[in-house]
Amino acid sequence: MSGNLEYLNHNLRRSAGPILACTKAFLASDSQPCVRQNFQNQDWYHGTGIKPADHPGRLELAVLDRHLPDACCAWCASRDVLVVALQGCVSEHSGDAYYDYELHCRRCGQFTACSYAEN
Ligand SMILES: [Zn+2]
């Protein structure tokens, strides 16, 4: 069950259930907080969840390092959220960075997905 998906703007979505394909594929069976795995030809981190400030993806992309610690729930604005899925990379072609991540809120239990593309 994924609930009603709302598009708040171009890069922020929220739903009562998992949003990103990676979250839908793994969240129900994940037992580790954060593992790395190739999924649909991209390296994803997924798991039961890790605090945004502690996420290893911050070491890979400067833009994630800057923005991830400020992540909050799109429903209730709580910062008590866990990152349940994340991928990010820099295009070899253009040099632009892009990423997607999904948060699970520990206060209200809802999901928030954020997508970012630099250009
Ligand atoms: Zn919330």
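This is a predicted model: local features need pLDDT of at least 70, side-chain atom pairs count only at pLDDT 80 or more; totals for chains, interfaces and linings use all residues.

Let me begin with His 55, which counts as buried because it has 23 C-beta neighbours inside 10 Å. Residues are numbered from 1 along each chain as its sequence is written.

Where does His 55 lie? His 55 is in the loop between strand 4 and helix 2, the helix at 62-67. Leaving out residues up to four places away in sequence, His 55 touches Ile 50, Leu 68, Val 83 and Leu 86. Touching, or being in contact, is defined as C-beta atoms, placed from the backbone, within 7 Å. From His 55 to Cys 114 there are 59 residues in sequence and 15 Å in space, C-alpha to C-alpha.

Leu 59 is in that loop between strand 4 and helix 2 too. Is Leu 59 buried or exposed? It counts as exposed, because it has 9 C-beta neighbours inside 10 Å. The C-alpha atoms of Leu 59 and Pro 69 are 12 Å apart, with the two residues ten apart along the chain.

Now the whole chain. The protein has two helices and seven strands, and from the N terminus the order is β-β-α-β-β-α-β-β-β. Its C-alpha atoms fill a box of roughly 40 × 30 × 25 Å along the principal axes. For 119 residues a compact globule would have a radius of gyration near 14 Å, and the protein has 13 Å, which agrees. That radius is taken over C-alpha atoms, and the globule rule is 2.2 Å times the number of residues to the power 0.38. Of the 119 residues, 36% count as buried. Among contacts with a separation of 6 or more, 46% are between residues 24 or more positions apart.

Next, the core. The largest nonpolar core has 27 residues, and those with the most contacts inside it are Val 81, Val 83, Ala 85, Leu 86, Tyr 101 and Leu 103. At least two residues of this core come from each of helix 1 (21-26), strand 4 (42-50), strand 5 (81-90), strand 6 (97-105) and strand 7 (111-117). Strand 5 gives the largest share, six residues. A nonpolar core here is a set of buried Ala, Val, Leu, Ile, Met, Phe, Trp, Tyr and Cys residues joined through C-beta atoms within 7 Å. In soluble globular proteins, nonpolar side chains tend to be buried together.

Which residues does Leu 86 touch, not counting those up to four places away in sequence? They are Trp 44, Tyr 45, His 55, Gly 57, Tyr 99 and Tyr 101.

On to strand pairing, which requires that DSSP finds at least two bridges between two strands. Strand 5 and strand 6 run antiparallel and are joined by nine bridges, and Val 83 has Leu 103 in strand 6 as its bridge partner. Six residues lie between these strands in their hairpin, where Gly 95 takes a positive phi near 80°. Strand 6 also pairs with strand 7, antiparallel, over seven bridges, and Tyr 101 stands opposite Cys 114 in strand 7. Their hairpin has five residues between the strands, and Gly 109 in the turn has a positive phi of about 80°. Seven of the nine residues of strand 6 are buried, so that strand is largely enclosed by the rest of the structure.

Strand 3, residues 35-39, pairs with strand 4 in the antiparallel sense over five bridges. Gln 37 stands opposite Trp 44 in strand 4. The hairpin has two residues between the strands, and Gln 40 there takes a positive phi near 50°, although Gln 40 is not a glycine. Gln 40 counts as exposed because it has 9 C-beta neighbours inside 10 Å.

Ala 77 is another non-glycine with a positive phi, about 65°. Ala 77 sits in the loop between helix 2 and strand 5, and counts as exposed because it has 10 C-beta neighbours inside 10 Å.

Methods:
Helices (H or I, at least four residues) and strands (E, at least two) are DSSP runs, numbered from the N terminus. A residue is buried if 20 or more other C-beta atoms lie within 10 Å of its own, exposed if 12 or fewer, and partly exposed in between; C-beta atoms are placed from the backbone. Two residues are in contact if their C-beta atoms, placed from the backbone, lie within 7 Å.
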